[in-house]
Amino acid sequence: MKMSSDAVVKAASRGDQSTRERILMLLKTGGRMHAGDLSSELGLTEMAIRRHMYALESEGSVLIVSVRQAMGRPLHAYELTAEADELFPKNYHLLALDLLDELADDPDTAVLIDRMFEGRKKKLLDRYEPRMAGKSLEQKVSELVAIQNAGGYMAEVETQTDGSYMLYEYNCPIAQVAGKYLQACTCELSLFKSLLDVPVERTECLAKGGGKCSYRIG
């Protein structure tokens with residue numbers, strides 16, 4: 001059966017993605033590599049490897065570097081960028097939970113958990129408060145959305161008919177921690193109140209089973 005042109009394009013796109021994932025894995029495990037090395041590993045021509053590398057470079061995943069030789073022209077080599085490291089599995093939340101559980105299991109150190117979250121809130125307040133200086137509430141809310149989006153919270157805001165705002169966060173980068181230690185949620189709410197300098201109420205919470213985190217502002 002003959003494939004449609006759209007099906008051919010989609011299949012080619014999936015093939016390119018699979019190849020690029022294999023390239024990233026090879027660079028992760030093998031470090032800096034030349035086109036010839038990758039060509040041998042993947043059974044592709046060096047021209048095809050370079051095409052994939054230019055695509056990965058444009059995505060910010062791969063850095064193309066020139067390596068000087070004793071004689072002749074420099075050779076191009078490829079290595080992962082620091083940003084590409086985020087493409088690989090991470091278990092930060094497991095480490096954080098293990099450390100918090102270790103504190104919680106000992107009555108003498110359990111009280112430190114609240115202090116740690118309060119300390120984190122103070123650091124965030126010190127970091128972001130200057131960005132709120134001299135701004136109207138509307139501008140502050142917009143700045144808060146930008147701050148949260150930079151942190152991976154997938155935030156957006158809606159202006160209500162009464163002049164208040166609803167802030168929605170569709171992702172929680174610390175959901176595994178917040179689900180067990182609600183101090184994280186308490187400190188976020190307190191941080192928002194301090195940054196915006198108006199009443200803020202949480203009406204929905206991801207950590208408590210909600211579809212998103214929702215905040216009524218003003």
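Start with strand 5: Tyr-165, Leu-167 and Glu-169 point one way from it, Met-166 and Tyr-168 point the other way, and all are buried. Buried means under 20% relative accessible area, exposed over 50%, and partly exposed in between, with a 1.4 Å probe and protein chains only. Five of the five residues of strand 5 are buried, so this strand is largely enclosed by the rest of the structure. Strands (E, at least two residues) and helices (H or I, at least four) are DSSP runs, numbered from the N terminus.

The model is a predicted one, in which local features need pLDDT of at least 70 and side-chain atom pairs count only at pLDDT 80 or more, while totals for chains, interfaces and linings use all residues. Residues are numbered from 1 along each chain as its sequence is written, and side-chain values use heavy atoms, with hydrogens and water left out.

Two strands count as paired if DSSP finds at least two bridges between them. Strands of a sheet pair through backbone hydrogen bonds, either parallel or antiparallel.

Go to strand 7 (residues 213–217), which runs antiparallel to strand 5 (residues 165–169) and is joined to it by five bridges. Show Glu-169, whose bridge partner in strand 7 is Cys-213. Then show Tyr-165, whose bridge partner in strand 7 is Ile-217.

Select Ser-164, in the loop between strand 4 and strand 5. Is Ser-164 buried or exposed? Its relative accessible area is 6%, so Ser-164 is buried. Its side chain makes a polar contact of 2.6 Å with the side chain of Asp-162. A polar contact is a pair of N or O atoms within 3.5 Å; within protein, one must be able to donate a hydrogen and the other to accept it, and residues adjacent in sequence count only if both atoms are side-chain atoms. Leaving out residues up to four places away in sequence, Ser-164 touches Glu-158, Thr-159, Ile-217 and Gly-218. Contact means heavy atoms within 4.5 Å.

Axes are lines fitted to C-alpha atoms, for helices over the stretch in contact, and angles run from 0 to 180 degrees between N-to-C directions.

**Two positive phi angles**

Select Asp-197, in the loop between helix 8 and strand 6. Asp-197 has a positive phi of about 60 degrees although it is not a glycine, and it is exposed, with a relative accessible area of 62%. Met-154, in the loop between helix 6 (137–150) and strand 4, also is not a glycine and has a positive phi of about 50 degrees. Met-154 is exposed at 51% relative accessibility.

Move to the open sheet of three strands, in the order 1-3-2 with antiparallel pairing. Its edge strands, strand 1 (33–34) and strand 2 (62–67), each pair on one side only. Six bridges join strand 2 to strand 3 (residues 75–80), and Ile-64 stands opposite Tyr-78 in strand 3. Helix 3 packs on this sheet, touching strand 2 and strand 3, and its direction makes about 120 degrees with that of strand 2.

**Last stop**

Finish at Leu-100 in helix 4 (residues 92–104). Leu-100 is buried, at 7% relative accessibility.
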